Amino acid sequence: MDWLEEVLIQCPQCGEEFAIQIETAVDGRVELVEDCAVCCRPARVLITTKSGEVECLEVEAA
Ligand SMILES: [Zn+2]
């Protein structure tokens with residue numbers, strides 16, 4: 001099974017969507033800081049994973 005899931009997030013700074021890859025092997029809450037693919041500003045991404053799936057995804061300005 002592939003434990004990397006690609007999800008689209010919306011940049012809190014410029015509003016554009018871009019894809020990031022999330023590792024879903026471990027259940028729980030993960031916090032990442034990703035640079036927007038469009039405006040290059042950082043976005044904090046809070047991800048909750050369960051049973052190999054992304055259960056909840058929140059994005060805020062970092
Ligand atoms: Zn952006």
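**Entry 1. Opening question and ground rules**

In what sense do strand E1 and strand E2 pair, and over how many bridges? I found that strand E1 (residues 4–10) and strand E2 (residues 17–23) pair in the antiparallel sense over seven bridges. I note that strands pair if DSSP finds at least two bridges between them.

I record that this is a predicted model, in which local features need pLDDT of at least 70, side-chain atom pairs count only at pLDDT 80 or more, and totals for chains, interfaces and linings use all residues. Residues are numbered from 1 along each chain as its sequence is written.

**Entry 2. Overall make-up**

I looked up the secondary structure and found zero helices and five strands. From the N terminus on, the elements run β-β-β-β-β. Helices (H or I, at least four residues) and strands (E, at least two) are DSSP runs, numbered from the N terminus.

I then looked up the dimensions. The C-alpha trace spans about 35 × 20 × 15 Å along its principal axes. The radius of gyration is 11 Å, which agrees with the value near 11 Å for a compact globule of 62 residues. This radius is taken over C-alpha atoms, and the globule rule is 2.2 Å times the number of residues to the power 0.38.

Buried residues make up 13% of the 62 residues. A residue is buried if 20 or more other C-beta atoms lie within 10 Å of its own, exposed if 12 or fewer, and partly exposed in between, with C-beta atoms placed from the backbone.

Of the contacts with a separation of 6 or more, 36% are between residues 24 or more positions apart. Two residues are in contact if their C-beta atoms, placed from the backbone, lie within 7 Å.

**Entry 3. The hairpin of E1 and E2**

I returned to the pair named at the start. E1 and E2 form a hairpin with six residues between them, and Gly15 in the turn has a positive phi of about 80 degrees. The bridge partner of Val7 is Ile20 in E2.

I next examined Phe18, which has its place in strand E2. Leaving aside neighbours within four places in sequence, Phe18 is in contact with Ile9, Cys11, Cys36, Ala37 and Val38. Phe18 and Val7 are eleven residues apart in sequence and 8.3 Å apart in space, C-alpha to C-alpha.

**Entry 4. The sheet of three strands**

In what order do the strands of the open sheet stand? I read the order E3-E4-E5, with antiparallel pairing. The edge strands, each pairing on one side only, are strand E3 (28–35) and strand E5 (53–61). Neighbouring strands of this sheet are turned by 20 degrees against each other on average, direction ignored. For this angle, axes are lines fitted to C-alpha atoms, for helices over the stretch in contact, and angles run from 0 to 180 degrees between N-to-C directions.

E4 and E5 pair in the antiparallel sense over eight bridges. Lys50 has Glu53 in E5 as its bridge partner, and Ile47 stands opposite Leu57 in E5. The hairpin of E4 and E5 has two residues between the strands.

How many of the nine residues of E5 are buried? The number is zero, so E5 lies largely in the open.

**Entry 5. The nonpolar core**

Which residues make up the largest nonpolar core? I listed six: Ile9, Cys11, Cys36, Ala43, Val45 and Ile47. Strand E4 (residues 42–50) supplies the largest share of this core, three residues. Such a core is a set of buried Ala, Val, Leu, Ile, Met, Phe, Trp, Tyr and Cys residues joined through C-beta atoms within 7 Å.

I followed Ile47 further. Not counting residues up to four places away in sequence, Ile47 touches Ile22, Val30, Leu32, Val54 and Leu57.

**Entry 6. Arg44**

Arg44 also has its place in strand E4. With 14 C-beta neighbours inside 10 Å, Arg44 counts as partly exposed. Arg44 touches Glu31, Val33, Glu60 and Ala62, not counting residues up to four places away in sequence. Arg44 and Ala61 are 17 residues apart in sequence and 5.9 Å apart in space, C-alpha to C-alpha.

**Entry 7. Two loop residues with positive phi**

I looked up Cys40 in the loop between E3 and E4. Its phi is near 70 degrees, a positive value in a residue other than glycine. Is Cys40 buried or exposed? Cys40 is exposed, because 10 other C-beta atoms lie within 10 Å.

Ser51 is placed in the loop between E4 and E5. Ser51 has a positive phi of about 50 degrees although it is not a glycine. Ser51 is exposed, with 7 other C-beta atoms within 10 Å.
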